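Here are some short notes to read alongside the model. They take up one residue, then the contact between the chains.

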Amino acid sequence: MLARDDKESLKRTPLYDLHVSLGGKMVPFAGYDMPVQYPAGVLKEHLHTRSQAGLFDVSHMGQLALRPKSGRVEDAARALERLVPQDVVAIAPGRQRYAQFTNADGGLLDDLMVANFGDHLFLVVNAACKEQDEAHLRANLSGDCVIEQLADRALIALQGPKAESALAKLCAEAPSMKFMDAGPHKVAGLDCFVSRSGYTGEDGFEISVPAGDAERLARTLLDNADVLPIGLGARDSLRLEAGLCLYGHDIDTTTTPVEAALEWSVQKSRRSGGARAGGFPGADKILAHFDNGASRRRVGLRTEGRAPVREGALLFADAASSEPIGKVTSGGFGPSLNAPVAMGYVPTSLSALDTKLFAEVRGQRLPLTVAAMPFVKNTYKR
Amino acid sequence: MTTTLYTSDHEWLAIDGDVATVGITDYAQSQLGDVVFVELPKIGRTLKKTEAAAVVESVKAASDVYAPISGEVLETNAELAGEPALINSDAQGKAWFFKIRIADKSELGGLMDEAAYKAHTA
């Protein structure tokens, strides 16, 4: 949350009135006035999403269309590959992929989703980075693409085991979609973009809807007794349990995809020896990390006790040493595990599973263990 | 005969003779949200007024609980340490934090009665 935000300058999403009418506790987040929780509270909202379904307003995120000037979507894909280390060309029509914008040092400018909509690419980027991302795209891809900010659309995430049945009532194609399928679909008769994805570790959907219809669609989904509105508090605890990175915390301009343990997101075709190896900002450093390893790594951390270890806590190799070996980048309480969970960066030599470490919390050294992520098994429909 | 007083930091004190039972108010718990962890002071520790005495952690964040008065910690609530959610269900009853021997009764003078606290949180 940004301290410099003052209430008057905050932007509102098309669902602001809905949040207020549902009793949302509004807080500043990435320049927007957003609900951190509703009357049910973070714990219930979190558990409800894992057992039923939760509706999240993620309209603060940026939605962009990348239209190829040639008319061929593969030209837009090739152009975007100049900015990301992912294989964009291989994203089939109707499919989506996780990606990152890299900088010249191999760090990450933002992480994003890229979908192939057949004749253009559809991008979803983080709220705090969206102006910068758009400028970055315009500066680098304007020769090949028309870049269109879709500011007149809201974005609703519907997550959890009941998401499919809730959406099926409004969108007949929803049940046949697989994880990371994405494309234009009618939802309740509205022209939406639907992807089977999300950021909770649960099966679910993200639905891009024209801003003027967003509240009506959200209310229709909330009329289903299985669906509760979920605030940013539970969104954070859900993504943390799922082991997913939060940009600006777990990944930033100083972390490479290898350090961030995101190797899985960089396809072989873009790595050394691949058909289109390199050719993105910071490729030398990132490919060297792939080839030779990096000196530090993002890992999952579990504690023995119940005291949460939060962002910023310093990590130590033993109970007495004075030199920290790393830092926690996200940490809190995992309601589904009923235990604290955290992630942070440690030297690669201390990143093996079950390595014992210590975190300093209020002057005390708490024992931690390097643990596998996701902390809670994901339920994506593959 | 006990008297209950309040601090502007949302702690309550039930005064019985020279012993005060200390907790956080219902208003405080409603602001914190779901409490998942509480750290209580060690028995025998001598607290100074306004010193951090305990920690309450919700899913979202950690908050300090300050000693509302100076004195020695006589007893802590073992049930609360095992079941922090008591703070949400019974903040001003079962979820007391600790009992403290009042070192200086004059410190009570700066605290609020119920009516004043209600006005403070209104």
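1. In which loop of chain A is A:Ser351 found? The model is predicted. In it, A:Ser351 sits in the loop between strand E17 (339-347) and strand E18 (356-361) of chain A.

2. Is A:Ser351 buried or exposed? Its relative accessible area is 14%. A:Ser351 therefore counts as buried, since the cut-off is under 20%.

3. Consider the surroundings of A:Ser351. A polar atom of the A:Ser351 side chain lies 2.7 Å from the backbone oxygen of A:Thr348. Leaving aside residues up to four places away in sequence, A:Ser351 touches A:Arg297, A:Val299, A:Val346 and A:Val370.

4. Now the interface. Chain A brings 15 residues to the contact, and chain B brings twelve. Together the two chains bury about 1,300 Å², with 50% of that on carbon and sulfur atoms. On the chain B side, B:Val36, B:Val59 and B:Lys60 supply 43% of the area buried against chain A, more than any other three residues.

5. How many salt bridges does the rule find across the interface of chain B and chain A? There are three. A salt bridge joins the side chains of B:Glu57 and A:Arg310, at 2.7 Å from N to O.

6. Which strands of chain B supply at least two residues each to the side that touches chain A? They are strand E4 (35-39) and strand E6 (52-58). By residue class, this side of chain B divides into six nonpolar, two polar and four charged residues.

Key. Residues numbered from 1 in each chain as written. Chains lettered and ligands numbered in written order. Predicted model: local features only at pLDDT ≥ 70, side-chain atom pairs only at ≥ 80, totals over all residues. Heavy atoms only, no water. Contact = heavy atoms within 4.5 Å. Buried area = accessible area lost by both parts, 1.4 Å probe. Salt bridge = Lys/Arg side-chain N within 4 Å of Asp/Glu carboxyl O. Helix = DSSP H or I, 4+ residues; strand = E, 2+ residues; numbered from the N terminus. Nonpolar A, V, L, I, M, F, W, Y, C, P; charged D, E, K, R; others polar. Buried < 20%, exposed > 50% of the residue type's maximum accessible area, 1.4 Å probe, protein only. Polar contact = N/O pair within 3.5 Å; in protein donor to acceptor, adjacent residues only side chain to side chain.
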